Amino acid sequence: MSNKKRVREAIKKVVSTMMDRVMNNVLIKDSFIKEEHHSAKPLYAALVPDEIFKWSHFERRFVTPFGGVWGKLAQVVAIEAHGNCSLGHSVTGTVGSESLRRIQEVLNNLEHNTKYKLKVKPNWAEELAYIQKGGEKPIPVSVTCDVFIRNEETCAKYAFEIKAPLPNSDQTKVSKEKLLKLLAMNPKQVDSAYYAPAYNPYGKKEDYKWTFPMRWFNMHEDESVLIGNEFWDLIGGEGTYKIFISEANKLVKEYRKRIYKEFLEIEPPQYFNYSPLK
């Protein structure tokens with residue numbers, strides 16, 4: 001079986017396993033029981049149609065397990081291309097005390113822009129250079145990466161903070177601090193570290209406009225930012241993102257049809273197999 005074929009099968013397996021688990025939960029293990037809902041929340045049930053709460057019931061049981069899917073997808077892709085990939089991997093090293101102080105300075109300047117000073121804009125290259133020059137007393141530091149890749153042939157080490165397409169500000173701040181610490185370690189423990197939203201709902205990188213992460217990164221220009229296709233093609237090789245989108249879109253029709261028929265117990269509308277993934 002070719003590498004691309006294995007990647008296709010691996011992506012399909014991860015997404016299908018997650019969706020099958022969700023369907024089993026909402027249909028069997030933790031189904032929406034109308035009578036129980038009416039008894040527990042009679043005023044809600046009187047004011048709002050049951051279908052609305054049924055959708056909400058599904059959403060809560062879908063969003064939580066989906067949060068871990070991006071990492072699992074990245075892992076199966078990276079193992080095929082690099083031979084080694086782990087999730088939740090801790091990198092331990094030392095960072096100079098002045099470099100640690102400068103990291104906090106950079107983050108504080110981005111967080112506490114006021115009308116009394118010029119607005120500070122994120123600039124990864126300048127920030128990292130400033131921090132790496134800090135040095136001084138080495139302090140032990142441990143950073144846990146979402147995704148950690150070690151290429152078995154070149155021994156190159158890559159660390160990633162992989163996030164959903166529309167992350168919040170607090171998550172992004174934590175990710176930036178982790179990346180800066182990783183790249184300030186001396187001696188060097190990773191070759192590269194990236195902030196990686198797994199998918200770009202805006203299409204092109206230059207069109208990305210979700211404001212929360214843009215407080216911390218220049219999402220259009222910072223070399224530490226990989227969005228969508230940049231991320232998948234780096235960890236899996238050129239064309240990986242197209243494979244990911246292709247396999248995801250194949251699963252759309254199957255699971256949307258099941259959700260309409262089995263969960264909502266209605267016939268799917270004509271547009272039910274539409275997919276926004278491009």
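Is Asp146 buried, exposed or partly exposed? I get a relative accessible area of 23%, so Asp146 is partly exposed (buried is under 20%, exposed over 50%, partly exposed in between, with a 1.4 Å probe and protein chains only).

Ground rules for myself: this is a predicted model, where local features need pLDDT of at least 70, side-chain atom pairs count only at pLDDT 80 or more, and totals for chains, interfaces and linings use all residues. Residues are numbered from 1 along each chain as its sequence is written, and side-chain values use heavy atoms, with hydrogens and water left out.

Next I looked up the partner. Asp146 makes a salt bridge with Lys163, closest N and O atoms 3.2 Å apart (a side-chain nitrogen of Lys or Arg within 4 Å of a carboxyl oxygen of Asp or Glu). That pair links distant parts of the chain, 17 residues apart: Asp146 sits in strand β2 and Lys163 in strand β3 (strands are DSSP E runs of at least two residues, helices H or I runs of at least four, numbered from the N terminus). Lys163 counts as buried, at 16%.

Then I searched the whole structure and found 18 salt bridges. Shared partners join Glu98, Arg101, Arg102 and Glu105 into one network. Arg102 pairs with Glu98 at 3.0 Å between the closest N and O atoms; both lie in helix α6, four residues apart, and both are buried.

Last, I checked α8: its buried residues include Leu179, Leu180, Leu182 and Leu183.
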